[in-house]
Amino acid sequence: MLGVSDRISAADVAKVARLARLDVTTEELERMTVQLDGMLEHFADIDALDLATVEPMTQPYPLVNVLRPDVVQPCLDRDEVLAAAPSAEDGRFRVPPIIGMDL
Amino acid sequence: MGLADIVASVKSGAVKAADLTEVRLAAIAAREGDIHAFNHVMADEARASAAAVDEAVARGDDPGPLAGVTVALKDNMCTRGVPTTCSSKILEGWLPPYDGTVVAALKASGAVAVGKTNLDEFAMGSSTENSAFGPTRNPHDTNRVPGGSSGGSAAAVAAGFSDFSLGSDTGGSIRQPAALCGVVGVKPTYGYVSRYGLVAFASSLDQIGPFTNTVEDAALVLDVIGGHDPRDSTSIPQQHPSLVAALQQGVGGLRIGRITDLPEGADPDVQERLEAAFDTLKAQGATIVDVQVPAFSFGLTAYYLIAPAEASSNLARYDGVRYGMRVEATDTNAMYGATREAGFGDEVKRRIMLGTYALSAGYYDAYYGKALKVRRLIHDDFERAYQHADVLLTPTSPSVAFEFGSKGDNPLAMYLCDTYTIPTNLAGHPGMSVPFGTGAHGLPVGVQVLAGTLQEPVMFRVAAALERSLA
Amino acid sequence: MSERDGLPGDWELVVGLEVHVELATNTKMFSSSPNRFGDEPNTNIDPVTLGLPGALPVLNEQAVELAMRIGLALNCTIQPCTFHRKNYFYPDMPKAYQVSQYDQPLNIDGYLDLPNGVRVGIERAHMEEDAGKSTHIGGSGGRVHGADYSLLDLNRAGVPLVEIVSRPDIQTSDDARDYVNELRGILVAIGASDAKMEEGSLRVDANISVRQPGAPLGTRCEIKNVNSIRSLGRAIEYEARRQIDLLESGDKVRQETRHWDETDGRTHTLRVKEDADDYRYFLEPDLVPVVPSAEWIHRVREAMPPLPAQRREHLSVLTGQPANSEAVTSVVERGQDHYVLAVSHLGGDAARALVYVKEAFADLGAEPAVPALDIAGLTTLEVDGKVTATQAKAILAEIIANGGGDAAAIAAAKGFEALDTSALETVVDQVIAEQADAWAKFCAGDGKAMGAIVGAVMKATQGKADGKIVTALLNQKKG
Ligand SMILES: [Mg+2]
Ligand SMILES: [Zn+2]
C-alpha cells in the first residue's frame with residue numbers, strides 16, 4: 001500500500017492547488033512542494049504502525065440520532081445578507097459567467 | 001479581584017459596571033499599541049452593555065451570573081454586526097448577521113464584550129504571527145510571541161485588557177498561549193461547549209474555552225458557557241455538574257499520572273516546573289503513578305493529516321460569492337482561484353493543500369484514513385491510562401515564550417510547539433494549562449492537567465491545588 | 001421494429017434511473033428556514049443555508065421519517081447510516097460541499113414492481129441536500145454558455161432530497177416511463193413529496209447503455225435535464241439509437257454526461273467523465289449517525305397510508321375489474337379510489353361507480369365535490385333496471401354539473417321511466433313463446449338457459465327491464 005513516506009511531487013501539488021481553487025504562483029508551488037514534502041517525510045512515522053485491525057475514529061464523543069423538529073424559525077434579512085455580498089443584483093448574488101467548471 | 005467578587009459587587013450596586021468597563025478601556029488605550037491583542041475594540045458596544053447591566057441592577061432585575069465582567073472574544077466567534085475576521089484578509093470587513101451560541105450566552109449573562117482578539121489566521125498557528133493584521137506581543141516581553149493561535153485572547157487577560165477571554169483550541173490553541181502568557185486556559189471535553197458560531201477550523205477537534213486569571217474564574221465561565229446546544233449536533237446532551245462547586249474538594253487520594261513514554265523535547269526549565277508540580281500534589285495527599293500512552297508521539301502526524309483535511313473542506317466556502325473578499329475575474333472559476341490566492345495567507349494555503357492532498361483520490365487510505373486509525377490508538381491509550389490515574393500531568397509547551405521569527409520558515413518547527421497539547425484534542429478529552437511559576441528569562445511556565453471524557457471536575461480540583469500551592 | 005422497444009437488430013437496452021425527490025417538509029434538511037417553492041429569491045435563508053462561517057447543520061427529523069417511508073414503500077432494508085461531505089466548487093453550492101450519504105445510506109436493496117409485473121431493483125435511496133438555483137443573464141438567452149453573468153437564489157439550497165437509484169433493470173422506454181409514473185404515485189401517496197417534474201421536485205437522470213444479448217454491460221451515458229415523463233421516453237429512445245448507430249458503424253460509446261434538449265429532440269454532450277472528478281468524500285464531522293431502532297421503523301411503517309399497488313388490488317377486489325385495467329389504474333392514479341369506496345359503503349354498486357368515476361371524474365381531483373350518496377343512488381337505479389346505461393350517463397352529467405342531485409328525481413324529470421310489471425310480464429310471455437326450447441330446458445332445471453331468456457327480454461325492452469325482476473318473474477312462471 002501507498003505510504004506517507006511516498007512523498008509528494010510538484011505535479012501533485014499543482015493538481016491539489018487546482019482542486020482547492022488556489023492560483024498559486026510558480027514560486028509558491030516550488031516552495032510548497034519542498035515544505036509539504038518535508039512534512040510528509042516527518043509524518044512517515046505512522047507508516048510503521050500495524051493498523052489492520054484498528055477502527056478509524058471519526059467522532060470524539062459518540063452520539064447518534066441528533067434530530068431537530070421540522071418547525072420553521074425566522075429567516076435572516078435578505079437586505080442585510082446581500083449587503084455583505086461582494087456583488088448582488090435583483091435580490092440575488094451576482095457572479096461572473098459560470099464556465100470552466102470541471103464538474 | 002476574581003470574577004465572583006466583581007459580580008457580587010456589581011449586583012450589590014457597590015461598583016458600577018460602567019466604571020469597571022472604563023478601567024479596562026483605559027488599560028487598552030494605554031497598552032494596546034504595544035500589545036496588539038485586538039483586531040477590533042468594541043468600546044461603544046461595551047459601554048452600552050455595561051450601562052444595561054447597571055440599569056438592570058437599578059431596576060432590581062437579576063443582571064446575570066457574569067454581570068459587569070469584561071470579556072475579550074477571539075475573532076473567530078461570530079458577533080452580530082461586529083467585524084469577525086479570523087485575522088484573514090478573506091473575511092476583512094465581514095459583519096456576521098448572527099451571534100454564536102457562546103456570544104449569546106455571555107450577553108445573557110451580563111458579561112461586557114470589549115473586543116475581538118487577534119489570532120493566527122483561521123486559528124492555524126502557535127504564535128499569532130500568522131495574523132493578516134500583524135502579530136500580538138506577549139505582555140511579559142513584547143519581543144516575544146504570546147503563543148497561538150488564541151494569542152490575542154491570552155495577551156488580553158495577561159495585560160489586564162479584560163477580566164477574562166474566550167479562545168478556541170484545536171490542537172493546543174488555548175493551553176499553549178495560556179502557558180506562554182501566564183494565565184489559566186482550558187480546553188473542555190469535545191462537545192462541552194457549543195461550536196455554533198465558532199468559525200470552523202477542524203470540526204472534530206475545535207473546542208471553545210476560557211482564559212482567566214484564576215482556576216475558579218475558569219470554572220465560573222465554563223459553568224456559564226458550557227451545556228447542551230440544540231444548534232450543535234455534536235453538543236453533549238446531558239447537564240454538566242458545576243465546576244465551581246468541585247473546586248472545594250482537595251486532591252487527597254487522587255492518582256496523578258506521569259507519562260513515562262512522553263515525547264522528549266521540553267526545555268529543562270519547563271521540565272523542572274513539572275517536577276515541582278508533581279511534588280506539590282504529592283505533598284497535598286495525592287499519589288503519583290506511572291502510566292504509558294505509547295501512541296502519544298504519533299499525535300502530531302495524525303493531527304497534521306486530520307486537521308488540514310477538515311480545514312480544506314471547511315475553508316472551501318470562502319469563494320467570494322456570498323460574503324468576504326472577491327478578486328474580480330472573467331469567469332467564476334477564475335474568480336475563485338484569484339480570490340482564494342489573494343485572500344489566504346501562507347500557512348492557511350499550506351494546510352488547505354496538505355488537507356486536500358490527504359483526502360484526494362488515491363491518497364485517502366494512506367493519509368487521512370490511516371490518521372483516523374492512529375487517532376483511535378491515541379484515544380484508547382489515554383483511556384487505558386485513565387484506568388490507573390485520575391489526571392495526567394505534562395508540560396503545556398516545550399518552552400517559555402519564544403522570540404518573533406525564531407521558528408524560521410520551517411513550518412514543522414512551529415508545529416512542534418503543540419507536541420504536548422495535540423493528543424488531547426484527538427482523544428476528545430479535556431485539558432488545561434495552569435501557570436506554575438517561571439522559567440528561563442523569568443517568563444511564565446504552564447503545567448498541563450489532562451483528564452478523561454467529562455472529567456473536568458477532577459481536572460479543576462488538581463489545577464486549583466497547583467494554584468493554591470503558589471499562593 | 002424489433003420487439004425490444006423498437007431497437008434495430010437484437011440490441012438490448014439497459015437503463016438505470018436516478019431520481020431526485022424533494023421531500024415535503026416544512027423546513028430544510030439541516031436548518032429551520034422554510035422549504036417552499038416559488039418564494040421571492042433569497043428569502044428562505046439562514047446561516048446554514050448560506051454556508052456562513054460558524055453555522056452548523058442539525059438534521060430534520062421529519063426528513064428522515066419521509067426518507068424512511070420511501071425506503072419502506074420501495075421494500076428497502078433500512079439501516080444505520082451516516083453523512084459525508086462531497087467537496088466541489090459551484091456557485092449554487094454555498095459550503096462548496098454537498099452533505100450526502102455515501103457508503104452507508106439509509107435505504108438499500110429494495111425493489112419496485114411495475115403494474116405490468118416487471119420488477120425493478122432499487123440499489124439505494126439516500127438522503128442529501130439540494131443546491132441553489134442559478135439564472136444566466138445575457139448572451140444567448142438563459143443558457144449557461146455565453147451568459148454575461150449569473151444570479152443566485154439560495155432558497156432551494158438545503159432543501160431535503162432523497163436520491164433513489166434503481167438497478168439497471170429497465171429494458172424498455174415504456175418501463176422507464178412506468179417506473180417514474182409508479183414511483184411518483186407512491187411518493188404522493190405516502191406524503192413524501194408532491195413529485196412535480198415541472199417544478200423540479202422530482203428530477204430524473206437516466207443511465208443508458210446498449211448491448212448484444214448475453215454481452216457484458218456496455219459503456220453508459222448519463223442523460224440529464226429530462227423534465228417530463230414523456231421526454232424521458234423520447235430521450236431514452238434517441239440515446240439508444242445514437243449508441244447503436246455508433247457501435248454499428250464501428251465506433252465506441254464514450255462515457256459522458258449528456259443533456260436532453262427538448263427542442264431538437266436530441267441529447268448533447270455536457271461533460272466527459274474525467275479523473276478530475278475528485279470529490280474527496282469524508283465523513284461529515286458536524287453530524288452524527290442515524291441509527292433507526294426497530295421500534296422507530298415500526299412506528300413509521302404503521303403511519304404509512306396504503307400504496308397505489310395495494311389500492312389497485314383493493315379496488316380490483318371491490319369492483320371485479322383487473323388491478324392493471326385502465327379503469328382501476330387511472331382511478332387510483334387520480335386518487336379517486338376512496339370515492340368509489342365511499343359510493344360502495346353507501347350501498348351503491350362499486351363496479352358501476354368505477355365506470356362513472358373513470359369516465360366522468362377526470363377533472364374532479366382526489367376529493368370530487370359530488371355527494372357520493374347521489375352517485376350511489378344512480379348506480380342502484382341503473383343496476384335495478386330503472387334506467388339504462390345511456391340514461392344513467394345523462395343523469396350522471398347532470399349530477400356533476402349541479403354538484404349533486406337525486407338520481408330518481410332527475411330520471412323522472414327526464415321521463416326515464418322503467419317498465420311497470422304488467423308491461424314487463426307481457427314481454428316475458430312473448431319471449432317464452434319465442435324461445436320455447438330454452439324455456440323447456442330452464443323448466444327442466446338447466447340454470448344456464450335462463451341467460452338466453454333474460455338476454456332476449458333485455459333486448460326486447462331496449463335495456464329498460466330490471467334483470468332481478470325478470471328473473472323473479474321467470475321463476476314464478478316455472479311454478
Ligand atoms: Mg447521482
Ligand atoms: Zn444526488
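Biologist: Which residue is the bridge partner of B:Ser168 in β6(B)?
Modeller: B:Ser168 has B:Ile208 as its bridge partner in β6(B). Helices (H or I, at least four residues) and strands (E, at least two) are DSSP runs, numbered from the N terminus.

Biologist: Before we go on, what kind of model is this, and how are things numbered?
Modeller: This is a predicted model, in which local features need pLDDT of at least 70 and side-chain atom pairs count only at pLDDT 80 or more, while totals for chains, interfaces and linings use all residues. Residues are numbered from 1 along each chain as its sequence is written, chains are lettered from A and ligands numbered from 1 in the order in which they are written, and side-chain values use heavy atoms, with hydrogens and water left out.

Biologist: Back to β6(B). How many bridges pair it with strand β4 of chain B, and in which sense?
Modeller: β4 (residues 164-169) of chain B and β6(B) are antiparallel and share five bridges. Two strands count as paired if DSSP finds at least two bridges between them.

Biologist: And β5 of chain B, how many bridges join it to β6(B)?
Modeller: Two bridges link β5 (residues 184-187) of chain B with β6(B), and these strands run antiparallel. B:Gly185 has B:Phe211 as its bridge partner in β6(B).

Biologist: Is β6 of chain B buried or exposed?
Modeller: Buried: six of the six residues in β6 (residues 207-212) of chain B are, so the strand is largely enclosed by the rest of the structure. The cut-offs are under 20% relative accessible area for buried, over 50% for exposed and partly exposed in between (1.4 Å probe, protein chains only).

Biologist: What is B:Val186 in contact with, leaving aside its neighbours within four places in sequence?
Modeller: Among the contacts of B:Val186 are B:Gly209, B:Pro210, B:Ala218, B:Met432 and B:Phe460. Contact means heavy atoms within 4.5 Å. B:Val186 sits in strand β5 of chain B and is buried at 0% relative accessibility.

Biologist: Which residue other than glycine has a positive phi near 55°?
Modeller: B:His36 has such a value, and B:His36 lies in the loop between α2 (17-35) and β1 (38-41) of chain B. B:Cys86, not a glycine, also has a positive phi of about 55°. B:Cys86 is in the loop between β2 (70-74) and α4 (101-108) of chain B and is buried, with a relative accessible area of 1%.

Biologist: Over to the metals. What are the protein donors of the zinc ion (ligand 2)?
Modeller: C:His20 (NE2), C:Glu128 (OE) and C:Glu163 (OE), lying 1.9 to 2.1 Å from the zinc ion (ligand 2). Donors are N, O and S atoms within 2.8 Å of the metal (3.2 Å for Na, K and Ca), and water is not among the atoms, so sites may look incomplete. Along the chain the spacing of the zinc donors is H-x107-E-x34-E. C:His20 is in strand β1 (residues 12-22) of chain C and C:Glu163 in strand β10 (residues 160-166) of chain C, so the pair ties together parts 143 residues apart in sequence.

Biologist: And what coordinates the magnesium ion (ligand 1)?
Modeller: C:Glu18 (OE) and C:Glu163 (OE) do, at 2.5 to 2.6 Å. These two link distant parts of the chain, 145 residues apart. C:Glu163 coordinates both the magnesium ion (ligand 1) and the zinc ion (ligand 2), and the ions are 4.1 Å apart.

Biologist: Is C:Glu163 buried or exposed?
Modeller: C:Glu163 is buried, with a relative accessible area of 9%. C:His20 is buried at 14%, and C:Glu18 is buried at 16%.

Biologist: Last topic. What area is buried between chain A and chain C?
Modeller: About 3900 Å², with 63% of it from carbon and sulfur atoms. Buried area is the accessible area (1.4 Å probe) that two parts lose on being put together, summed over both. Chain A gives 34 residues to the contact and chain C gives 55 residues.

Biologist: How many salt bridges between chain A and chain C?
Modeller: Two salt bridges, a salt bridge being a side-chain nitrogen of Lys or Arg within 4 Å of a carboxyl oxygen of Asp or Glu. One of them joins C:Glu40 and A:Arg78 (3.9 Å, N to O).

Biologist: Which element gives the most to the side of chain A that touches chain C?
Modeller: β3(A), with four residues.
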